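Subject: Structure handover

Hello,

Here is the structure I promised to pass on to you. Please open it first, and then read my notes below.

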Amino acid sequence: MTALFDNRALIGLSALAFGLALLGLATLNGALIMLAVPPAIFVGAALLDTPTNLQLRATRTLSAERALPGVMIDVHVAVTNHGLYPTPVLIADVLPAGLELTGGQPVCLTLLAPGATVTLAYTVRGMRGFYHFNGVQATVSDCLGLGRRTVAVAAPGKILIMPEVVRLTRLGIRPRRTRIFSGTIPARQGGAGVEFFGVREYQAGDPVRWINNRATARFPGSLYVNEFEQERVADIGIILDARRGSDVQGTNHTLFEYSVQAVAALSDALISQGNRVGLLIYGHAIEWTFPGYGRIQREKVLRALAQARTGDRAALASLADIPTRLFPARSQIVLVSPLQPGDAPPILHMRAHGYEVLIVSPDPVAFEAKTLGSVADLAARIARVERQALLQRLLLAGVRIVDWDVETPLAQALAHFQR
């Protein structure tokens, strides 16, 4: 426990008593000396009554340490007096910034008998983030309220509020290189699969159902079979644009929150299909989640997204500073970004180096136009023309783009894009 003393009233009263007594002695005035007696008595009583040896212990219980945005979480903090004397105490729990109190009270004024326990019970909720509880503050004072002592009692706890994950169907991505394991992504190679790839001569061991009767009939003496495109897993790097200049503030949400939701949904779908997925958050710093598979990787990605924040840094103002060497050559890159006017050259640079690039772009023009209303119609038309020119330049270079109006569900926008 760490203690903080607030004895300003006690010091002031002591100074008054000392000053009156000193003035009375200097002037040989007995009345002034008598006036110094009551403050001195108050000071003595306060010093004798102030608790000095606090022995408080606190334990915290949370109804959930992991939740979704807006979900109610019950918090219980039990404080026990392990001392030998009854202690009047004001107990206040310190809420982490960002959590909203929705019920109950995190403050209690009580007289704690030896061995007695008091419990604070309240309910909180919050937006996406990682929240740490450090402890409660216990304040004790003398019977006159002249001297105060505040003690921080450790009661650790944490709440992780994850981004909401929207379930997506199969995503239409086609990286130039895949891994050796079976999956759902077309591998640009013939073999066992679902989609038709070509026709070749029969080889020993080919299933009879693969025989192409039409091709065989055209070339007597030879037997031809259908060949299908292999489906495998791939290396996929997801980049979240967390630059503050890419964010747009709305009435209830920011555009960055929609970007985080999109990354959560995409990473969940791609990891569920068996792909090796890595996450790069690009904003005030480069936050890198090393590529991996399975549920553990999904948890790592969601934890990184829960703590993602926008920020500015001069060295990272342009997408040109993205360390593409973190991603395997000829792999798939998924960029989630509203896109800024100067972002085309870095993206074209990725494409020129052999990466397949898919951009999921929350539309900042439509988002801000809905917030500003009709007063910004002309500005919105100009911004929309500039954005369409940027998207057209990227499309002509072979970059695949999902132009996402966030009023439309992401699953619907991706389904329309695949059609």
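**The largest pocket**

The largest pocket in this predicted model has a volume of about 400 Å³. A pocket here is worked out on a 1 Å grid over the protein atoms alone, as an open set of points with protein on both sides within 12 Å along at least five of seven lines; lining residues have an atom within 4 Å of a point. Grid points are joined across faces, edges and corners, and a volume is the space filled by probe spheres set on the points. The pocket is lined by 20 residues, and L339, P341, P364, V365 and A383 are the closest to its centre. Helices α8 and α9 each supply at least two residues of this lining, and α9 has the largest share, with six residues.

**How to read the model**

Residues are numbered from 1 along each chain as its sequence is written, and side-chain values use heavy atoms, with hydrogens and water left out. As the model is a prediction, local features need pLDDT of at least 70 and side-chain atom pairs count only at pLDDT 80 or more, while totals for chains, interfaces and linings use all residues.

The predictor's confidence in each residue is its pLDDT, from 0 to 100. The protein chain has a mean pLDDT of 81, with 83% of its residues at 70 or more. Residues 1–6 fall below 50, although this stretch has 21 contacts in the model beyond near neighbours in sequence; contact means heavy atoms within 4.5 Å. Where pLDDT is low, the predicted coordinates should not be read in detail.

**The chain as a whole**

The protein chain has 10 helices and 18 strands. These are DSSP runs numbered from the N terminus: helices are H or I with at least four residues, and strands are E with at least two. Of the 419 residues, 44% count as buried, that is, under 20% relative accessible area, where exposed is over 50% and partly exposed lies in between (1.4 Å probe, protein chains only). Among contacts between residues at least 6 apart in sequence, 72% join residues at least 24 apart.

In soluble globular proteins, nonpolar side chains tend to be buried together. The largest nonpolar core in this model has 43 residues, and I238, L266 and L305 have the most contacts inside it. Such a core is a set of buried Ala, Val, Leu, Ile, Met, Phe, Trp, Tyr and Cys residues joined through side-chain atoms within 4.5 Å. Elements that give two or more residues to this core include β13 (235–241), α5, β14 (276–282) and α6 (294–306). The largest share, 12 residues, comes from α5. Apart from this core lies another, of 28 residues, among them L56, I73, V77 and A155.

**A look at helix α5**

Which helix holds S267? S267 sits in α5, residues 255–272. S267 is buried because its relative accessible area is 3%. A polar atom of the S267 side chain lies 3.1 Å from the backbone oxygen of A264. Leaving aside neighbours within four places in sequence, S267 is in contact with I238 and V301.

D268 is also found in α5. Its relative accessibility is 5%, so D268 counts as buried. With neighbours within four places left aside, D268 is in contact with V165, R167 and R298.

**Cavities**

There are three cavities of 30 Å³ or more, a cavity being a set of points where a 1.4 Å probe fits but cannot get out. The largest cavity has a volume of about 50 Å³. Its lining includes D235, I236, G237, R276 and W288. β13 gives the most to this lining, with three residues.

In α7 (residues 344–352), the buried residues are A344, P346, I347, M350 and R351. What covers them includes β13, β16, β17 and α9 (377–396). After α7 comes G354, with a positive phi near 95°.

E368 is found in α8, residues 364–372. At 38% relative accessibility, E368 counts as partly exposed. The C-alpha atoms of E368 and A380 are separated by 8.4 Å, and these residues are 12 apart along the chain.

Enjoy exploring!

Conventions: A polar contact is a pair of N or O atoms within 3.5 Å; within protein, one must be able to donate a hydrogen and the other to accept it, and residues adjacent in sequence count only if both atoms are side-chain atoms.
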